[in-house]
Amino acid sequence: MSLSNGRDLRSIPGPSVIPDRVLNAMHRASPNIYEGELVDMADGIYADLRRLAGTAFHPVIYLSNGHGAWEASVSNLMEEGDHILVLTTGRFGAGWAEMAEAHGVIAECKDFGMDGHADPHWLEDRLRQPDAGRIKAILVVQTDTSTSVHNNIPALRAAIDAAGHDALFMVDCIASLGCARYEMDAWGVDVTIGASQKGLMVPPGLGLTFHNEKAERVQRAKKRHSAYWNWEPRVHGGMFYQKFAGTAPTHHLFGLRESLTMILHEEGLEHVWHRHRALQGAVGAAVTAWAADGPMRFNIADPAYRSPAVTTLHLDGVDASVLRRWCEEQSGLTLGVGLGFSNDRTMQGRSVFRIGHMGHLNPPMILGALATLDAGLKALAIPHGRGALDAAADAIAAAQIETAAAEVGRTG
Ligand SMILES: *Cc1c(COP(=O)(O)O)cnc(C)c1O
């Protein structure tokens, strides 16, 4: 008997749960695109995007998904024959490199594996090699959504500085913007990539780039520019339509306005980051208990490199699609598929699944998802350690005691 009537929960790593407030903000007739509310709210949206990414410089909004934002970064900065260094820690870094290669760029990919993180020591050594001068840009993903690794961006910046290299430093934050601490200017990042459908809780359809003055100098030195992707008129054009090279993403902008209000002006960015860490702590505690017995294990063994937005799990020797299907059909919980794993140990990826925990999420949602997963393991007789739900509840309680203590500290 399926018990799945009620509100479904998508615990996939994007698109994430869309708040009713965001949906309601989008539910309206087409606005005037020449003057009025839509045009008036643009400056505030760009100012809030700067706050979100921790930059004083240039946010650009495209009508695209994340791949479009990747394309924008490549199109603005790279020319045929340029050399770039891509630090790959999963499927998404490799995807960005492939987009650059399609432009004739020579991408040197250093693969840290499907369970590794981008190693700052390796980077520093590489940048000290005699041929390193030709490297124009270094690309890395903060959270790689396939492996759920969370790379240490400040440590990678420090490695670049230690080697005295002046390549552009470009970071894909699509899965982590609005989930994990990120300070573009303070961390010395030149280009940041984002998208609307993950931590920002807006439907897919907005690709975001942020670039600083160093990136702008490199961009202006490039000989030819795509009329569509070109940053210049989008940042400096002055007219509203130039920001989008045509019609604005009208309804998505109203949705984004609402989500930025929720994140920055109501909950507060620091609290949003803290909440994600707390909810990830509950997932981590449950998985640790399950993994004590049976086939489940974390893909990322070192807790310091686990993402606050998504967790990739193995069920060694078990077809995880059976568990995912049970959760979806019997209980209304959708889990993420394994992505990018293709060896025998993972049954060509079939023993891998992911829990998304990004965006509009609270303890009943995450505890509900974990309890449903626990029920699925039991129903399908997949061996697992006991006490996962107790451990998850303890993690939530501990996080809330910590928050309460901080609040008393502030006011008292
Ligand atoms: C989702 C994601 C992408 C791709 O975004 P699309 O909107 O599917 O094009 C790229 N990078 C990361 C880290 C992602 O999580």
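**Close-up 1. Histidine 67 and the ligand in a predicted model.** A polar side-chain atom of histidine 67 sits 2.5 Å from an oxygen atom of the ligand. Such a polar contact is a pair of N or O atoms within 3.5 Å. Glycine 66 uses a backbone N or O atom, 2.7 Å from an oxygen atom of the ligand. Aspartate 172 places a polar side-chain atom 2.7 Å from a nitrogen atom of the ligand. The protein covers 90% of the 380 Å² of accessible area that the ligand has on its own (Shrake-Rupley method, 1.4 Å probe).

**Close-up 2. Residues around the ligand.** The ligand is surrounded by 13 residues, each with a heavy atom within 4 Å of it. His67, Thr145, Asp172, Gln197 and Lys198 are the closest.

**Close-up 3. The largest pocket.** This pocket holds about 270 Å³ of space, the volume filled by probe spheres set on grid points joined across faces, edges and corners. A pocket is an open set of points on a 1 Å grid over the protein atoms alone, where a 1.4 Å probe fits, with protein on both sides within 12 Å along at least five of seven lines; lining residues have an atom within 4 Å of a point. The lining has 19 residues, with His67, Phe92, Ile174, Gln197 and Lys198 nearest the centre. Domain 1 (9-15 + 268-411) and domain 2 (20-265) both contribute to the lining, so the pocket lies between them. Domain bounds come from an automatic or database assignment.

**Notes.** Residues are numbered from 1 along each chain as its sequence is written, and side-chain values use heavy atoms, without hydrogens or water. In this predicted model, local features need pLDDT of at least 70 and side-chain atom pairs pLDDT 80 or more, while totals for chains, interfaces and linings use all residues.

Terms used. Polar contact = N/O pair within 3.5 Å; in protein donor to acceptor, adjacent residues only side chain to side chain.
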